[in-house]
Amino acid sequence: MITGRLTAMYGVMNGSEKFAIVDVDTSDFDLAKEATKSTYIFLTNYAPFIKDAHILFTGKNSFHIICELKKKMNVNTSRMLLKKLLDKSTLANRYTIKPKRTGTIPNL
């Protein structure tokens, strides 16, 4: 349950999962919406290992793209595949793809 008093939310993943999550991180709501939409469209059209995806708004400026994988995969493998795919995409020209956000540019 997410309430107005929630200050942090943590999730735990097993070593292998049938889903992966792309976090869209920025302090600007409009940029977050734009980055989420373009990333969702890209992933659903060009990620061969993704079966389906949906967008989750988690409050303030936070969006997550929950990707249903075609098969259960090691979480480090799915992270590497997503990073490699995003790094080579045109999205890398507009957004950063790093473990942590720097500046105001949306980070995936």
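I started with helix 2, which lies across strand 1, strand 2 and strand 3 and runs at about 120° to strand 3. I took axes as lines fitted to C-alpha atoms, for helices over the stretch in contact, with angles from 0 to 180 degrees between N-to-C directions. Contact means heavy atoms within 4.5 Å. Helices (H or I, at least four residues) and strands (E, at least two) are DSSP runs, numbered from the N terminus.

The model is predicted: local features need pLDDT of at least 70, side-chain atom pairs count only at pLDDT 80 or more, and totals for chains, interfaces and linings use all residues. Residues are numbered from 1 along each chain as its sequence is written, and side-chain values use heavy atoms, with hydrogens and water left out.

I found three strands in an open sheet, ordered 1-3-2, with antiparallel pairing; strands pair if DSSP finds at least two bridges between them. Strand 1 and strand 2 are the edge strands, each pairing on one side only. Neighbouring strands are turned by 25° against each other on average, direction ignored. I looked up the link between strand 1 and strand 3: eight bridges join them. Val 22 stands opposite Ile 65 of strand 3.

Helix 1 packs on this sheet too, touching strand 1, strand 2 and strand 3, and its direction makes about 25° with that of strand 3. I checked its length: 18 residues at 1.5 Å a residue should span 26 Å, and the end C-alpha atoms are 25 Å apart, which agrees. The expected span is 1.5 Å times one less than the number of residues. At its N-terminal end, Asp 28 is the cap, with a side-chain oxygen 2.9 Å from the backbone nitrogen of Asp 30.

Then I looked at Phe 63 in strand 3. Phe 63 counts as buried because its relative accessibility is 9%; buried means under 20% relative accessible area (1.4 Å probe, protein chains only). Beyond four places in sequence, Phe 63 touches residues including Val 22, Phe 29, Ala 32 and Ile 55.

Last, the core. Which members of the largest nonpolar core touch the most others? Leu 43 and Ile 50 do, out of 22 residues. Strand 3 supplies the largest share, five residues. Such a core is a set of buried Ala, Val, Leu, Ile, Met, Phe, Trp, Tyr and Cys residues joined through side-chain atoms within 4.5 Å.

Definitions and conventions. Buried < 20%, exposed > 50% of the residue type's maximum accessible area, 1.4 Å probe, protein only. Polar contact = N/O pair within 3.5 Å; in protein donor to acceptor, adjacent residues only side chain to side chain.
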